[in-house]
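This briefing covers the interface between two chains, followed by selected local features. Please consult the sequence and structure shown below alongside the text.

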Amino acid sequence: MTITQQFCTFFLGEQLFGIQVEQVQEVIQYQDMTRVPLVPEVIRGLINLRGQIVMAVDLRRRLQIEERTAGASMVNVVVRTQEGPVSLLVDSIGDVVEVDEKTAEAPPHTLEGEMRMLIAGVHKLDQGLMHVLNTEKACESLERTGA
Amino acid sequence: MSDLEIVKEFLVESYENLDRLDRDLIALEKDPSNREILASVFRTIHTIKGTSGFLAFNKLESVTHVGESLLARLRDGLLTLTSEITTALLSMVDAVRQMLGNIDKTGGEGERNDQELIATLTRLLQPKAEPSPVPTTTKQKKRHHDLPQPAPTAAEAPIQQSAPQESEVSPSVPPPAAADLQHAGEPLAEKGASKPPEGTDGNVQQQARGQSASDSTIRVDVSQLDKLMNRMGELVLLRNQIVQFTSSSEDSGLLATSQRLNLITTELQEGVMKTRMQPIGNIWTKFPRTVRDVALGCGKQVRIEMEGKETELDKTIIEAIKDPLTHIVRNSVDHGIESPEARTAAGKNPEGLLLLRAFHEGGQVNIEITDDGAGLNSERIRNKAVQKGLITADQSARMTEREITNLIWLPGLATAEKVTNVSGRGVGMDVVKTNIEKIGGTVDVQSKAGQGSTVRMKIPLTLAIIPALIVSTAGDRYAIPQVSLLELVRLEGEQARKGIEMVRGAPVYRLRGRLLPLVYLNRELKVDGKAPDGASSAAASAYSGEAENANIVVLRADDHQFGLVVDEINDTEEIVVKPLGKQLKIINIYAGATIMGDGKVALILDVLGLAQRANVLGEMRDREATEKAGKQSLGVADANQSNAMLLFQYGESGRMAIDLDLVARLEEFPRDAIEVAGNQEAVQYRGQIMPLVRVSDVLECKRNMAPGSGQEALHVVVYADSGRSVGLVVDRILDIVEESFVIQQETGRRGVLGSAVIQKRVTDILDVPGLIASAHPVQEPTEVLT
């Protein structure tokens, strides 16, 4: 019997990432946010999610991937963390994929910096490699990263 | 009702009863003959004992049983209440409370040995004097009927059956009872446990009784109220949005409806807030006990008085101030109030007084804890603070008495030289201050040697929904809690450019003669005109480099004032405070966030954090200290002598001061603006001709009419007296000081009143009329009169 897991996938540039669907609260369109001065720049701002104030983290900045071009679109992937919901800003959203646990591999050693810390594993999919994000880690100790 | 529910019900009821017990016992100690209180105490213990019996909490039952026996004696007048008995009974209450706590947590009473307590109680059962012969059971029954409320006979009956101890039912046979009681716990417990059906009957009865006594109230889970409050917050936000949308509408029906919604939401909000309000008396009730214990522990006599018990505060705030208050109360008794001997020696009542006061003032609750003790020993605080390196000796010399006493809030300053069991509990005064400030309150201490000290707290009524001023800077909106707000100042055009001056590189504004340090919000937040992500460019363009006008929000932080310069002052609004995530708490200048009427998020500024970040508090402290020290060191008794003086320089090194009240404005004129009218220099100023007097020329008796002796502008002090203006040309404006000084008369120099020591330097005091007269012996009053 194979154990399968569902992942919500999204893109940062060409790279495909995945978050376990159980951790995703919702995906919402980009919306205006309020910037928070003096905080590390990975925190893009605060959004109003139906009365709840949610911090939006720029996942590109978090993973130290080059900045997106000005005016490029973004999508909020709201994930559940122990500290409450956090929105991860990604470039675009992909499908929900079901993968066999057996396709999982440890992250390649070639990964560097923050990527190495935050990628829990890699799944080989037909359309390419899907990097599994450790959301809990991606949303914590932000003061070490960014500005 | 399941067993668990019964236990829970029992716990809730017992906790309430215990609180009352503490109160009653203290009251009883003061008035041992008060049968009513005694009966109330007896009933409370009796109820706990009875219920614990059928719920099979054996240890609990055995402890309360002995206590009950003791109380029965007291009630029947076989014993009189002594301090020793009260202490024993109070420790019984503590034991019961602990056991209840264990039951609450683990479901069992926990491993404990109360033999000692039981033995003490039993020993006290033995009357010291010969008990007067008391008729037997008939009298006992009669007593029951004598009680103000009929004893719960139905509830009591099964318990009496299960515990047929003579001591309880007929207290008329004391000697054998004492021996019996040693073993009272065990048989009683077994029997109690084996009789659940009867016990349950009793419980039902008691519940029925409880309900009839409190028909008008219901008990609500706090989490339920918290949820309600959250929803209420949402509703307030929605209301704000609706009102904002409809305000531009022309549909009168819609407008009326939205106004009605506005009104009802406000009322509903008040109502919901009210459900969370609790009288402060709720936490004060345990203070008589605290005071008694502490006073007894250190051999003092202290009476506690309370005023304003009914003053209401939000539950979360009540919880937050409970520990700080307790700490201060304990401290006051332990360190504030002197021993009876010392008090008598000082001519005071040997019994010290601790007064708790609470009252509403300005949308806040003030709480004062006053003792009539020795007051704080400022010398000791001063020495300790210097010794611990918290302040320098130099600083300490310049501090006022009040500033010294308020040093007790600094961390690391434990003033208690004698460490007692009361102090050293890990809660220092700094923790008190931190906790009070965390909820937006302030705390302050005043002390008078020999007469006592007062700790004053100012606490907000609620935390969830607060009035706030909305400001914007660099296109973003920020909320400033109204409690910190003092006033708003708007400087327009010329005022904005001239009104803001620099003192040693720091911007200040002169607010009614006092220098107000300024903090630019945009610089402090390091935000420029660049629009934030997605913000409308219109908002960003409103911010265009140096603003034409300056909006100063005068704020109070920690008893000091500073001005926050913002781009725009929008409005005041009721905002719902939402906490920020842990990641954002690392920056202490945000107190939270809120959602505005348009659905966008706005950050709430933490005024104290902002002031600390901008470093305006320290400066102000230094400054005020200097000013105060100046007054003191000069030893001028008359405080009215301390005028604000403007210091300026004339010639190469002359220092001169002029009374600030005589100064209308400070102006700068380009040199080519000087015209000569008659034999006199003058400038056009506000549609008039203002004659100029060169101070250095007059005083140094030179006559230098050459206007072009330098490129920089002329510094002019505009002197105004009964409608006429004269411009005094000085070489440099030095400072504005507020100091007391003694003018030493000096004759011989025209235009000089005398000299004084200001800022530790000899300074001449300007005599303006004399100066003007000497500069222009022939006055042409028509020229300068308005």
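How much area is buried between chain B and chain A, and what percentage of that area do carbon and sulfur atoms give? The buried area is about 2,300 Å², with carbon and sulfur atoms giving 61%; buried area here is the accessible area (1.4 Å probe) that two parts lose on being put together, summed over both. The model is predicted: local features need pLDDT of at least 70 and side-chain atom pairs count only at pLDDT 80 or more, while totals for chains, interfaces and linings use all residues. Residues are numbered from 1 along each chain as its sequence is written, chains are lettered from A and ligands numbered from 1 in the order in which they are written, and side-chain values use heavy atoms, with hydrogens and water left out.

**Interface of chain B and chain A**

- Chain B contributes 31 residues to the contact and chain A contributes 24 residues, contact meaning heavy atoms within 4.5 Å.
- The rule finds 1 salt bridge across this interface, defined as a side-chain nitrogen of Lys or Arg within 4 Å of a carboxyl oxygen of Asp or Glu.
- A:Arg35 and B:Asp476 form a salt bridge, and their closest N and O atoms are 2.5 Å apart.
- On the side of chain B that touches chain A, the elements giving two or more residues are β9 (476-481), α25 (582-585), β17 (590-595) and β18 (601-605); helices (H or I, at least four residues) and strands (E, at least two) are DSSP runs, numbered from the N terminus.
- Of the elements on that side, β17(B) gives the most, with 4 residues.

**Aromatic pair in chain A**

- Over all chains the count comes to 1 aromatic pair, the rule being that ring centres of Phe, Tyr and Trp (its six-membered ring) lie within 6.5 Å, with planes under 30 degrees apart counted as stacked, over 60 as edge-to-face and the rest as tilted.
- A:Phe10 and A:Phe17 form this stacked pair, at 5.7 Å centre to centre and 10 degrees between the planes.
- Both A:Phe10 and A:Phe17 are buried (buried is under 20% relative accessible area, exposed over 50%, partly exposed in between; 1.4 Å probe, protein chains only).

**Positive phi values in chain B**

- B:Ala474, a residue other than glycine, has a positive phi near 50 degrees.
- B:Ala474 sits in the loop between β8 (465-473) and β9 of chain B and is buried, with a relative accessible area of 1%.
- B:Lys526, also a residue other than glycine, has a positive phi near 55 degrees.
- B:Lys526 sits in the loop between α23 (521-524) and α24 (537-541) of chain B and is exposed, with a relative accessible area of 62%.
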